[in-house]
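Trainee: Could you walk me through the ligand site in this one? Let's have it up on screen.

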Amino acid sequence: MWDKIKAGQMGVLSWRSLKARIFLIIILTGVIPCIMIKYGILDNYEERAVSLRTSDVQTQVKIIADHLLNYNYLQETSSEVINAEIDQLSNLYDGRVIIINSNFKIVKDTYDISEGRTMISEEVIKCFKGQNTASYDEKNGYIEITTPIMQQASVSDGEKGTKPEEDVIKGVMLTSVSTDSIAVTMEILGRKANVLEILIGIAILCFAVVLSNILVRPFNRVTDAINEIQEGYTEELISVPDYVETVHIVDAFNQVLARMKRLDDSRQEFVANVSHELKTPITSVKVLADSLRDQGDVSVELYKEFMEDIAEEIDRENKIINDLLALVKMDKTAADLNISVVDINELTEIILKRLRPIARKRDIEVVFESIRQVTAEIDEVKMTLIITNLVENAIKYNKEQGSVKVLLDADHQFFVLQVSDTGIGIPEEAMEHIYERFYRVDKSHSREIGGTGLGLAITRSAVLMHRGSIKLTSVEGEGTTFVVRIPLNYIA
Ligand code: ADP
């Protein structure tokens, strides 16, 4: 079933392929002009041959027409000279000559069948009015020509005494000549043209096959190179500089590849960091347990002390695992957001109430200033993480008797949460790394105060999921301010 669908798709694909299209275009642009030229030449030849034949016959008929009058042929058709000339003409062109006098009576017919009859046809009447006619009957293969038999007559002009001359039409010669010989030549020419056409057709076909293959080759090279990378033979960047188009495709692919590599590297680094971070508390637990076991007589107090240390390390391990889980959840799509309308003032108050006891231990004051009442469409759990992490950091990295200020404001589109502290600040060079997972400015200090290096990574992910932004300004030794901007209405 699947094979059938695939085979069907391949069939459609083959006609949708660039190669097939190039092939078709070359064939059409080669064969159509060829056929047109053939018919053009044959038509042209026929036209010229008929017009040449017509003018030849007309010239000869005219000579005979002039002779006729000298021999008074219209009255008496016994002149052997004229009869011989007429016979010669009709033999030469395989035709028929009919001579009609001014009474429309046929005085001579080389076929000897119509003599004595009257002939009144449109052509003959036209000819008596002085018009030469020639018509080509392609279907029956003959040309019919009418030629007037004209005599120059003198007409006296009484008034002026001059004698102008005027032609008098005494009769009409109706000549039909066969065009069989033209048809034969046409047939021979046609046959030759057909042979030529077939030869050119074969040449164009070969040309089309070769050219379509050559033109598509760079695209095949792109596919091969991509396949090689996919199958893992190489990790080198692809280069197919044959066409501007292939360069564009390859550039785009290389960028995707570089991005994937960066992602892969960062994933590997993350895994390495996770292992390291998780190992540290376990190593401490092991060291503490080993030293207890290896010591002979250990007092209950020492046991208790060691056990407290072990419990602390387990708490730490637990915290890292919880933060990691929170981060993994953030990596999921925004569809996982649980959006509801939340009173941000109330939420901030609740969080600050929970954090104030920790601040109080180090004599740090936590102030909340709300410029206006804010309600927004947000995920309450993730927003709690954002506020908690920022305020917790502001307390953790503060000085004794320092202060933390949380400011809430909004315009018609966004609400702004600003968390400032009077703490140790962040060095300039650390600012760009601050949101990286497991990044800590001072590893040992952070560890001491229970930091995992994941808080700001979680915060940033949560802000981005709400299509918001997070910025920071900091002066070392003076304090840090984080500014979070989040849309009041969630944009899916
Ligand atoms: P941690 O769990 O270590 O606090 P975070 O991701 O929350 O991890 O923060 C990363 C690092 O950024 C911290 O280790 C600390 O060095 C620095 N940092 C974060 N917030 C502040 C702040 N308000 N003042 C000074 N340094 C801070």
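Trainee: Which residues lie nearest the centre of the largest pocket?

Mentor: First, a caveat: this is a predicted model, where local features need pLDDT of at least 70, side-chain atom pairs count only at pLDDT 80 or more, and totals for chains, interfaces and linings use all residues. Residues are numbered from 1 along each chain as its sequence is written, and side-chain values use heavy atoms, with hydrogens and water left out. A pocket here is an open set of points on a 1 Å grid over the protein atoms alone, where a 1.4 Å probe fits, with protein on both sides within 12 Å along at least five of seven lines; lining residues have an atom within 4 Å of a point. Of the 42 lining residues, the ones nearest the centre are Asn393, Lys396, Tyr397, Gly455 and Leu456.

Trainee: Which element supplies the largest share of that lining?

Mentor: Helices (H or I, at least four residues) and strands (E, at least two) are DSSP runs, numbered from the N terminus. Strands S10 (414-421) and S12 (479-487) are among the elements giving at least two residues each. The largest share, eleven residues, comes from H9.

Trainee: And which element gives the most to the shell around the ligand?

Mentor: The ligand takes up the space of the largest pocket. Two elements give two or more residues to its shell, helix H9 (380-396) and helix H11 (455-465). With three residues, the top contributor is H9.

Trainee: How far is the ligand oxygen from the side chain of Asn393?

Mentor: Asn393 is among the closest of the 19 residues around the ligand. From an N or O atom in its side chain to a ligand oxygen, the distance is 2.8 Å.

Key: A residue is near a molecule or strand if one of its heavy atoms lies within 4 Å of it. A polar contact is a pair of N or O atoms within 3.5 Å; within protein, one must be able to donate a hydrogen and the other to accept it, and residues adjacent in sequence count only if both atoms are side-chain atoms. A molecule sits in a cavity or pocket if more than half of its atoms lie within 2 Å of its grid points.
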